Amino acid sequence: MTKKRGGVILLILIAVLIVGAFALVAYRTPKTAEEATEVTEKDALMSKNIEVSYPSTPREVLKLYNRYMVCLYGVESNQLTDDEVRTLGIKMRQMYDEELLEANQQESHLQKLTQEIVAFQADEKVMIQANVCDSNEVDYIDVDGASGALLEASYFIKKGSKEFSRTYQQYLMRKDANGNWKILGFVKVNGGEM
């Protein structure tokens, strides 16, 4: 009977080893290049279909807009190609009001954007973070008979290796004919100047 018991134990051990080896191979198979590729913020922003998933509040519009700002002026901005800057700039323009678009024709606007980014980098500046005011700080107003909103964003900027600063911008938005909040204009302000 001990021979039978020893044979059963041996068969169980062999079965466990086979199952273990199979599990090891199944879970350690190398991922395909597509599976291993991590989607970067830049790639997510470039492929984002803003028109299909347009943000519903002024604050959400500004949060999305600021993601583009941090991508263009942030840590990895020096790795962007001219085509990527152009694509990101065009995506940002989709959040502009018609009046702002008319005042800033696409080609000249994209040229100015590229020049600003180059100057920002030459000055050793990097946008580290962008924040949007709380929803209770959005000031809803009338803009030429349409629904409007005033809100503020702050930008944390690093210059060189040791100098940090925070700048503030106030944004004016207006609802368009489709009910989407669009950026009508913006101006640099002192913090909390709403």
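Mentor: Let us begin with a term: two strands pair if DSSP finds at least two bridges between them. Please also keep in mind that this is a predicted model.

Trainee: Noted. How many helices and strands are there in the chain?
Mentor: The protein chain has seven helices and five strands. Read from the N terminus, its elements run α-α-α-α-α-α-α-β-β-β-β-β.

Trainee: On to the strands, then. In which sense do β3 and β4 pair?
Mentor: They pair in the antiparallel sense, over twelve bridges. Strand β3 covers residues 146–159 and strand β4 covers residues 163–175. As an example of a bridge, Phe156 has Arg166 in β4 as its partner.

Trainee: What sits between those two strands?
Mentor: Three residues lie between β3 and β4, which form a hairpin. In that turn, Gly160 has a positive phi of about 65°.

Trainee: And which residue in β5 does Gln169 stand opposite?
Mentor: Gln169 stands opposite Lys188 in β5. Strand β5 spans residues 181–189 and pairs with β4 in the antiparallel sense over eight bridges. These two strands also form a hairpin, with five residues between them, and Gly179 in the turn has a positive phi of about 85°.

Trainee: What about β2 and β3, how many bridges do they have?
Mentor: Strand β2, residues 139–143, and β3 pair over five bridges, again in the antiparallel sense. Val143 stands opposite Ala146 in β3. The hairpin of β2 and β3 has two residues between the strands, and Asp144 takes a positive phi near 50° there.

Trainee: Changing topic: how many aromatic pairs does the structure hold?
Mentor: It holds six aromatic pairs. One of them joins Tyr65 and Tyr96; this pair is tilted, at 6.0 Å centre to centre and with 45° between the planes.

Trainee: Where do those two tyrosines lie in the chain?
Mentor: Tyr65 is in helix α4 (residues 58–73), whereas Tyr96 is in the loop between α5 (82–93) and α6 (98–103). They are 31 residues apart, and the pair links distant parts of the chain.

Trainee: Are they buried or exposed?
Mentor: Both Tyr65 and Tyr96 are buried. Another tilted pair is that of Tyr171 and Phe186, with 5.3 Å centre to centre and 40° between the planes.

Trainee: One more thing. How much space lies in the largest pocket?
Mentor: About 680 Å³. Its lining comprises 26 residues, and those nearest its centre are Met69, Tyr73, Glu116, Gln169 and Phe186.

Trainee: Finally, what percentage of the residues is buried?
Mentor: Buried residues account for 32% of the 194 in the protein chain. The accessible surface comes to about 12800 Å², and 54% of it belongs to carbon and sulfur atoms.

Terms used: Residues numbered from 1 in each chain as written. Predicted model: local features only at pLDDT ≥ 70, side-chain atom pairs only at ≥ 80, totals over all residues. Heavy atoms only, no water. Helix = DSSP H or I, 4+ residues; strand = E, 2+ residues; numbered from the N terminus. Phe/Tyr/Trp six-rings, centres within 6.5 Å; stacked < 30°, edge-to-face > 60°. Buried < 20%, exposed > 50% of the residue type's maximum accessible area, 1.4 Å probe, protein only. Areas by Shrake-Rupley, 256 points an atom, 1.4 Å probe, with all protein chains shown as cover. 1 Å grid on protein atoms, 1.4 Å probe; cavity = no way out; pocket = protein on both sides within 12 Å on 5 of 7 lines; lining within 4 Å. Points joined across faces, edges and corners; volume = space filled by probe spheres on them.
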